Amino acid sequence: MRNNNQSMGLSLLVGALVLTGVPSAQAAPNTFNTALPVPQGETIWREQLVLRERSDGGPMDREVSVQALGSVLGYGITPKLAVFGVVPYFFNKALDVTTPMGRIERDTSGIGDVSLFGRYTVYQDDFTGGTFRVAPIFGLTAPTGDSDDRDRFGELPRPLQVGDGAWDGFGGVVATYQTLQYQMDAQLLYRENGRHDGFAHGDETRLDASLQYRIWPFSLKGISGTPGFTYALLESSLVHRERNEIDGGTDANSGGTQWLLAPGVQYITRRWVVEGTVQLPVAEDPNGDAIQDDYIVRVGFRRNF
């Protein structure tokens, strides 16, 4: 009985340290940033290398390759309010396409559009060994990326530019259910894209969910000190994009709906997290010959300080 009580006490102690904001890294979704845990007075830093391949089945056989780095900083202003900034940098954003001149490649690079958003917890229910939170999120994306880059063929197509030249707004809600063994996060997000020089990316609605399940050590019994934890991830993204708008009309070969699943893994220490996922399409319903994702690889780290 004494050993059982000690094990239960240790489990509750570890859970209390994680759930009440003692400085430590925690499990979190890898494919979206809105649920990143940031205790009051702490900063979280995430770096992610993103490798994305997209293609279509049209006569031009378009293929888009993206190699980018996403930098995220978040700060906990109060126990309920956290603010975040996201800066993308594109090492290469390339389009391969078949033209009357043959197969050509067009590419660009540079800093993309910077996003800022805030999250405020409006509901929190703490219980023994766990917590449930709900928080609305609101943000905007500033036109910091180049939207008129050119190559030897002329100005690049607007979807290939690293910036869209417009102010964009987004908002939604994120929910987290956390226990000592696993965590579930979900977000519903809507993005309204602005117009620049007669062009606007189609507005986007997305539903994302993430399950993080501790697989090592599977049991907290006998743990001492500050151990590392390994979590298996399974994440889902259902995304609907409206058609792009061009000079008062719409591009029939843009937008659509797709569902992606992303298995992954996280290794968590007191301050550091190493993480990675591979997003793969499960179902796609593009408009016309719209480009859809073939896969998205995300690998990187997080740091709490």
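L234 touches A209, S210, L211, A262 and P263, leaving aside residues up to four places away in sequence; contact means heavy atoms within 4.5 Å. L234 lies in strand β14 (residues 229-241), where helices (H or I, at least four residues) and strands (E, at least two) are DSSP runs numbered from the N terminus. With a relative accessible area of 46%, L234 is partly exposed; buried means under 20% relative accessible area, exposed over 50%, and partly exposed in between, with a 1.4 Å probe and protein chains only. L234 and T99 are separated by 135 residues in sequence and by 40 Å in space, C-alpha to C-alpha.

L234 belongs to a nonpolar patch on the surface, together with M184, L211, Y213, I215, W216, F218, Y267 and V274, and the accessible area of the patch is about 870 Å². Patches consist of residues with over 30% relative accessible area and no salt bridge, like charges being joined within 9 Å and nonpolar side chains (Val, Leu, Ile, Met, Phe, Trp, Tyr) within 5 Å. Accessible areas come from the Shrake-Rupley method with a 1.4 Å probe, and for residues only the protein chains shown count as cover. Strand β13 (residues 204-216) supplies the largest share of the patch, 4 residues. Y213, which lies in β13, is partly exposed at a relative accessible area of 31%.

## Basis of the model

The model is predicted: local features need pLDDT of at least 70 and side-chain atom pairs count only at pLDDT 80 or more, while totals for chains, interfaces and linings use all residues. Residues are numbered from 1 along each chain as its sequence is written, and side-chain values use heavy atoms, with hydrogens and water left out.

## Salt bridges

A search of the whole structure finds 14 salt bridges, each defined as a side-chain nitrogen of Lys or Arg within 4 Å of a carboxyl oxygen of Asp or Glu. One of them joins the side chains of R46 and E275 at 2.9 Å, N to O. This pair links distant parts of the chain, with R46 in strand β1 (residues 43-55) and E275 in strand β18 (residues 272-286), 229 residues apart. R46 is buried at 1% relative accessibility, and E275 is buried at 4%.

D151 forms a salt bridge with R106, with 2.9 Å between the closest N and O atoms. D151 is in strand β8 (residues 150-151) and R106 in strand β4, 45 residues apart. D151 is partly exposed at 21%, whereas R106 is buried at 11%. Salt bridges that share partners also join E204, R206, D208 and R241 into one network.

E63 and R103 form a salt bridge whose closest N and O atoms are 3.9 Å apart. E63 lies in strand β2 (residues 63-76) and R103 in strand β4 (residues 102-111), so the pair ties together parts 40 residues apart in sequence. E63 is partly exposed at 34%, as is R103 at 39%.

D96, in strand β3 (residues 81-99), touches both E63 and R103, and its contacts beyond four places in sequence also include D61, R62, I104 and E105. D96 is buried yet has no salt bridge, and R103, the nearest side chain of opposite charge, is 5.0 Å away; Lys and Arg count as positive and Asp and Glu as negative, with His and the chain ends not counted.
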